[in-house]
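Good morning, and thank you for coming.

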Amino acid sequence: MQHFCIMNFDNLVVQSDKRASILIIGEISNWWGISKHDVLAALRGRDLDHIDVYINSCGGDVADGLSIHDMLKGHKAKVTAHLFTECCSIATIIACAAEEL
């Protein structure tokens, strides 16, 4: 079993075999929290069947959030969003990329 991790402040992306978990905790931004570049690096070239997105965010940068939404929506994997504590502003749009909440 292959494991892959990227750490970005409090956000962790873990990929194991055909399933990945993305934690969006805190602000969505190039400067703080998780950015579109983090998600792109985590998903690029990976043959995944399922992506779990865990969201606890007050929102953040609209351009980054829309890019993350589009990457998740356009990925062939089934996307499930897990919302806890808060999912506000652009984080809500990211959650809308999921097939299941």
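Let me begin with a definition: a residue is called buried under 20% relative accessible area, exposed over 50%, and partly exposed in between, with a 1.4 Å probe and protein chains only. What you see is a predicted model, in which local features need pLDDT of at least 70 and side-chain atom pairs count only at pLDDT 80 or more, while totals for chains, interfaces and linings use all residues. Residues are numbered from 1 along each chain as its sequence is written, and side-chain values use heavy atoms, with hydrogens and water left out.

I turn to the charged pairs. In general, side chains of opposite charge can pair when their charged atoms come close. A salt bridge here is a side-chain nitrogen of Lys or Arg within 4 Å of a carboxyl oxygen of Asp or Glu. How many salt bridges does the structure hold? There are 6.

One of them joins the side chains of Asp-47 and Lys-76, with 3.0 Å from N to O. This pair links distant parts of the chain, 29 residues apart: Asp-47 sits in the loop between helix 1 (36-43) and strand 4 (50-57), and Lys-76 in the loop between helix 2 and strand 5 (78-87). Lys-76 is exposed, at 58% relative accessibility, whereas Asp-47 is partly exposed at 42%.

Lys-76 also meets Asp-49 in a salt bridge, at 3.6 Å from N to O. Again distant parts of the chain are linked, since Asp-49 lies in the loop between helix 1 and strand 4, and Lys-76 in the loop between helix 2 and strand 5, 27 residues apart. Asp-49 is partly exposed, with a relative accessibility of 44%. Together, Lys-18, Asp-47, Asp-49 and Lys-76 are linked in a network of salt bridges.

Elsewhere, Glu-100 forms a salt bridge with Lys-78, and their closest N and O atoms are 2.9 Å apart. Glu-100 lies in the segment after helix 3 (90-95) and Lys-78 in strand 5, so this pair ties together parts that are 22 residues apart in sequence. Both are partly exposed: Glu-100 has a relative accessible area of 39%, and Lys-78 one of 33%.

Next, the interior. A nonpolar core is a set of buried Ala, Val, Leu, Ile, Met, Phe, Trp, Tyr and Cys residues joined through side-chain atoms within 4.5 Å. The largest such core has 23 residues, and those with the most contacts inside it are Ile-22, Ile-24, Ile-28, Ile-51, Ile-55 and Leu-72. Two or more residues come from each of strand 3 (19-25), helix 1, strand 4, helix 2, strand 5 and helix 3. Which element gives the largest share of this core? Helix 3 does, with 4 residues.

Leaving aside neighbours within four places in sequence, His-82 is in contact (heavy atoms within 4.5 Å) with Asp-52, Val-53, Tyr-54 and Ile-55. His-82 and Asp-52 are 30 residues apart in sequence, yet 7.2 Å apart in space, from C-alpha to C-alpha.

Thr-85 is also in strand 5, and is exposed at 76% relative accessible area. Most residues other than glycine have a negative phi. Thr-85, although not a glycine, has a positive phi of about 65°. Ser-89, in the loop between strand 5 and helix 3, likewise has a positive phi, near 55°.

Now the cysteines. Cys-58 is partly exposed, at 46% relative accessibility.
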